[in-house]
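Hello,

I am passing a structure on to you, together with some notes on what I found in it. Please have a look at it first, and then read on below.

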Amino acid sequence: MQIDFEIFSPIHQIHDKLFDERGIKLFIKRDDLIHPIISGNKWRKLKYLLRDARAQNKTHLVTFGGAYSNHLLATAAAAAKFGFKSTGIVRGEEVNNDTLFLCRLHGMNLIFTDRESYRDKAALFQKYFEHDANAYFIDEGGGSALGAEGVSELINELRETYDHIFCACGTGTTAAGIINGIIEHQLSTVFHGIPVLKNGEFLRKDIDAILASPAEYDLLTDYHFGGYGKVTDELISFVKNFTASTGILIEPIYTGKMLYAIYDLAAKNHFKAGDKILAIHTGGIWGLLGMKDKFTG
Ligand SMILES: *Cc1c(COP(=O)(O)O)cnc(C)c1O
């Protein structure tokens, strides 16, 4: 079976008085619509990893993530879709939650590991799968050059040139893929990454390591709202307002922080009149299931 499927990721304009007043246009690329579970950047990142596994005759995908990881869930569903066995090595003590329930439903076997051991992924892979010749290692979040290769195809799908592209960053693989696409197509577009972790400047070396050639790009490191998985009341109300006024569902861990940054920069007159901005909706809305208690009130 060929490892591919036809994807649907249209671009929609977001209308808001703020953008009209500033004379700018905001568009959103709906990678969240690619697949209900293998959503957004996760499918783009997995595509060439799964092809590599298949080319090496590996039949068992082994990967890593936290208990609410969108990547674990996407890998579980992609494994099921393309006929692989899958194991998820989960950080922290054994728990059950909505994300892990959906992982198991797709046939993923879960191994829980303490936070200390979790740091050394290669050692964990060795420990559990040394004798499994079919096992294929996929790093946390699908972080890899092969992952970035799939993401760079996003740029092939654009029918016009944008002045700015914005995307949320976890491992930085998606950012690197988009920047590589911008380089390949020799676009004048400026890329802005929003690290969702604290002190996100560290991502620059990870991104640079998988760039096709050195490039300039912007990392906006002040929109993490306290760090990975952390939210504030202000961010939660932004997510609610955005979803209620556009009909586009977002979550506050990634896309919410990225869109908040765009609205904040627009309000602070960071853009020029006439600028066209493209935000990438990287999906991951199942992450909302782990945050229901944050949305009360
Ligand atoms: C995983 C994820 C990201 C981060 O992607 P990286 O390639 O790790 O930087 C962004 N948005 C969503 C919704 C995600 O699930």
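Let me start with a pair of helices: α3 and α4 are roughly parallel to each other, because the angle between them falls under 35 degrees. Please keep in mind that this is a predicted model.

**The α3 and α4 pair**

Helix α3 covers residues 70-82 and helix α4 covers residues 98-105; the two pack at an angle of about 15°, and their axes are 8 Å apart. The crossing of α3 past α4 is left-handed.

**The α2 and α3 pair**

Helix α3 also packs with helix α2, which is made of residues 41-55. Here the angle is about 50° and the axes lie 10 Å apart, so α2 is oblique to α3. This time the crossing is right-handed, with α2 passing α3. From α2, the residues K42, W43, L46, L50 and R54 take part, and they meet N70, H71, A74, T75, A78 and F82 in α3. The contact of α2 with α3 is made up of six nonpolar, three polar and two charged residues.

**The sheet**

Now for the strands. Which order do the six strands of the open sheet follow? Going across, it reads β1-β2-β10-β7-β8-β9, and the pairing is mixed. At the edges are β1 (11-14) and β9 (218-219), each of which pairs on one side only. Inside the sheet, β2 (residues 25-30) and β10 (residues 276-281) run in the parallel sense and pair over six bridges.

**The whole chain**

Stepping back, the protein chain has eleven helices and ten strands. Its radius of gyration is 19 Å, close to the 19 Å given by the globule rule for 297 residues, so the chain is as compact as a globular protein of that length. Taken along the principal axes, the C-alpha atoms fill a box of roughly 60 × 45 × 35 Å.

I hope this helps you find your way around. Do write back with any questions.

Best wishes

Definitions and conventions
Residues are numbered from 1 along each chain as its sequence is written. This is a predicted model: local features need pLDDT of at least 70, side-chain atom pairs count only at pLDDT 80 or more; totals for chains, interfaces and linings use all residues. Side-chain values use heavy atoms; hydrogens and water are left out. Two strands pair if DSSP finds at least two bridges between them. Helices (H or I, at least four residues) and strands (E, at least two) are DSSP runs, numbered from the N terminus. Axes are lines fitted to C-alpha atoms, for helices over the stretch in contact, and angles run from 0 to 180 degrees between N-to-C directions. Angles under 35 degrees count as roughly parallel, over 145 as roughly antiparallel, 65 to 115 as roughly perpendicular and the rest as oblique. A crossing is left-handed if the near helix is turned anticlockwise from the far one by less than a right angle, and right-handed if clockwise. The radius of gyration is taken over C-alpha atoms; the globule rule is 2.2 Å times the number of residues to the power 0.38. Contact means heavy atoms within 4.5 Å. Ala, Val, Leu, Ile, Met, Phe, Trp, Tyr, Cys and Pro count as nonpolar, Asp, Glu, Lys and Arg as charged, and the others, Gly among them, as polar.
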